[in-house]
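Subject: Structure handover

Hi,

Here is the structure for you to look over. My notes on what turned up follow below it.

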Amino acid sequence: AGRSEEARLLLESREFEGEADAGRHIRLAFLAPYPQLAWDALQAAVQKNPRDPDVRSFRGQLLERAGAAELARVEYVAALVAAPDDVVRRDQLAQFYLRQGNPGLALQTWRDGLSDAAPDFLWLRVLFWERLLGSDDPRLPAPPVGVWTSLIQALRAMPADQFWNDAGIEDPVLRRRAAQRPEVELLRALEHVRTGQLTEAMELFSTLSDEARALQPTAVAAIRAVLRWRMLELEPDFGFLPPPATGTVEHTLMTQLRTWPADGLADDTRRVLAGPDMATALMLAAGWPQAALVMPRSELREDDTPPEWLPFGVTVALQQVEGSEVALAYLKTLPPSPSLRLLAAEITWGDNPEQARPQLRSLSKLDGDVGFRASWLLAMAAMNEGKVAEAVHVIESHPQLRESMTGRELLARAALALGMEERAEEIYAELGASSLDAGLWLAREAFVAGDWQQARELTLDLIDRFPAQVELRRNLDRIDEAEAAAEVAP
């Protein structure tokens with residue numbers, strides 16, 4: 001501690017010219033005794049050199065730890081933009097997306113960095129996640145010649161409906177070495193689940209290396225716990241899953257597993273995990289659509305009563321991996337329900353809005369979430385098409401939408417489009433800063449009126465409520481600039 005303090009005092013005792021001073025501030029940030037001092041040092045560093053990838057990367061780490069995920073994302077992206085060929089920056093951004101529950105964005109980030117000179121580990125990341133998520137890209141370049149070339153080629157040649165096949169690697173020495181790769185460890189364990197070898201799968205999941213578990217810790221922990229329950233009738237301790245990242249939305253099954261066995265599983269969930277759809281359910285909960293589709297799956301009958309998230313999730317996975325036509329065909333085999341009818345309408349809407357519109361109109365008459373969303377979709381479509389009066393009619397026809405913040409925001413936008421500014425202002429005043437639309441409007445009105453204090457207070461309140469809206473911080477800068485200009489004006 002004493003040496004760190006001496007080093008910090010030494011760094012503070014002198015400055016360097018221009019961009020060279022950014023490095024001094026970075027080192028001060030590393031030596032800072034608490035986060036605010038580190039952040040202040042990085043603020044100074046980014047002013048000296050806003051394109052320094054180390055500065056942006058460190059800022060991203062601090063913001064992520066503070067729970068400001070969107071601001072952290074901006075910094076990680078800026079670090080990669082500043083050093084586009086830096087594989088470490090690319091991997092850092094992708095790993096951030098994984099922690100935030102966006103494996104698809106992580107995969108695309110890794111894939112964008114592939115070339116015939118890219119390191120082996122980047123190729124293995126891409127091929128591993130393609131096997132879980134689908135969306136493989138046939139336009140990938142030839143892999144590099146290196147230690148893992150044969151493994152990369154084997155993964156590329158492996159059928160999409162398998163996770164792993166030892167026979168794909170002829171060299172027994174390479175096969176043993178490949179088995180130590182974390183990606184291969186997890187793929188081998190998943191292949192045992194797929195083939196119904198649950199005892200062997202449980203053993204493999206129980207002995208995964210730290211690196212393999214780190215590929216997606218929550219999913220691995222959930223699969224391991226359910227396998228232990230299935231094979232040994234051992235219910236896991238409360239809190240066995242790693243905590244989710246701040247602001248992420250988890251799958252319903254993961255949410256239930258977090259309280260298991262303290263609050264118990266829902267009966268329909270317990271039946272799924274005890275039956276043939278266990279693996280499919282776990283893959284859906286992990287966010288792995290391709291993996292879900294290659295797992296064993298039962299055909300639902302009229303008298304089956306699975307939790308609705310199961311057929312819903314399979315449909316969404318089919319749409320993501322195999323396309324809308326296959327997803328709609330699958331939906332036709334299921335017992336109908338309002339939420340599945342809504343899902344069918346939304347999928348149809350993407351290809352043929354006019355064909356989906358009658359379905360949405362019928363569903364908009366229902367109460368609850370289904371009617372709410374169907375009405376919202378119709379209202380948004382009418383607004384986008386310039387049919388403002390029709391949008392207002394749709395909103396007013398559904399009491400839940402009409403009284404909700406979402407509905408009232410749409411009514412205010414409609415009022416502005418119809419030239420009814422007083423009506424819009426009345427709605428926004430009622431909503432206040434709890435609504436992003438209303439807060440922006442009120443802050444803008446205060447800005448135009450030159451009420452800098454009110455504009456600033458409203459904007460700061462919005463930043464607290466909506467930290468992901470980076471534009472709000474730019475608005476704060478504009479307020480400061482406008483106030484400063486007004487003070488010096490003659």
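A residue counts as buried under 20% relative accessible area, as exposed over 50%, and as partly exposed in between (1.4 Å probe, protein chains only). This is a predicted model, in which local features need pLDDT of at least 70, side-chain atom pairs count only at pLDDT 80 or more, and totals for chains, interfaces and linings use all residues. Residues are numbered from 1 along each chain as its sequence is written, and side-chain values use heavy atoms, with hydrogens and water left out.

**Loops**

Ala117 is exposed, because its relative accessible area is 65%. Ala117 sits in the loop between α7 (103–112) and α8 (120–133). Helices here are DSSP runs of H or I with at least four residues, strands are runs of E with at least two, and both are numbered from the N terminus. Pro144 is 27 residues from Ala117 along the chain, and their C-alpha atoms are 5.8 Å apart.

Asp451 also belongs to a loop, the one between α28 (436–448) and α29 (452–465). Asp451 has 37% relative accessibility, so it counts as partly exposed. Its side chain reaches the backbone nitrogen of Gln454 at 3.2 Å. That is a polar contact: a pair of N or O atoms within 3.5 Å, where within protein one must be able to donate a hydrogen and the other to accept it, and residues adjacent in sequence count only if both atoms are side-chain atoms. The C-alpha atoms of Asp451 and Glu483 are separated by 9.0 Å, and the two residues are 32 apart along the chain.

Arg258 makes a contact with backbone too. Its side chain reaches the backbone oxygen of Leu241 at 3.4 Å. Arg258 lies in helix α15 (residues 252–258). It is buried, with a relative accessible area of 17%.

**Salt bridges**

Side chains of opposite charge can pair when their charged atoms come close. The cut-off for a salt bridge is a side-chain nitrogen of Lys or Arg within 4 Å of a carboxyl oxygen of Asp or Glu. How many salt bridges does a search of the whole structure find? The count is 27.

Glu191 and Arg194 form one of them, with the closest N and O atoms 2.6 Å apart. Why are Glu191 and Arg194 separated by about one helical turn? Because they are three residues apart in helix α11 (residues 182–194). Glu191 is buried at 12% relative accessible area. Arg194 is partly exposed at 21%.

Arg373 and Glu346 meet in a salt bridge at 2.7 Å, N to O. Arg373 is in helix α23 (residues 368–384) and Glu346 in helix α21 (residues 338–351), so the pair ties together parts that are 27 residues apart in sequence. Arg373 is partly exposed at 34%. Glu346 is partly exposed at 28%.

Arg423 bridges to Glu426, with the closest N and O atoms 3.0 Å apart. Both lie in helix α27 (residues 421–431), three residues apart, about one turn of the helix. Arg423 is partly exposed at 32%, and Glu426 is partly exposed at 41%. Elsewhere, salt bridges that share partners join Asp91, Arg125, Arg181 and Glu183 into one network.

**Aromatic rings**

Seven aromatic pairs turn up in a search of the whole structure. Rings of Phe, Tyr and Trp (its six-membered ring) pair if their centres lie within 6.5 Å; planes under 30 degrees apart count as stacked, over 60 as edge-to-face and the rest as tilted.

Phe96 and Tyr97 form a tilted pair, 5.9 Å centre to centre, with 50 degrees between the planes. Phe96 is buried at 2% relative accessible area. Tyr97 is buried at 9%. Phe447 and Trp452 pair edge-to-face, 5.6 Å centre to centre, with 75 degrees between the planes. Phe447 is partly exposed at 31%, whereas Trp452 is buried at 19%. Ring pairs also link Tyr76, Phe96 and Tyr97 into a cluster.

Arg177 lies over the face of Trp148, 4.7 Å from the ring centre. The test for a charge over a ring is NZ of Lys or CZ of Arg within 6 Å of the ring centre and within 35 degrees of the ring normal.

Best wishes
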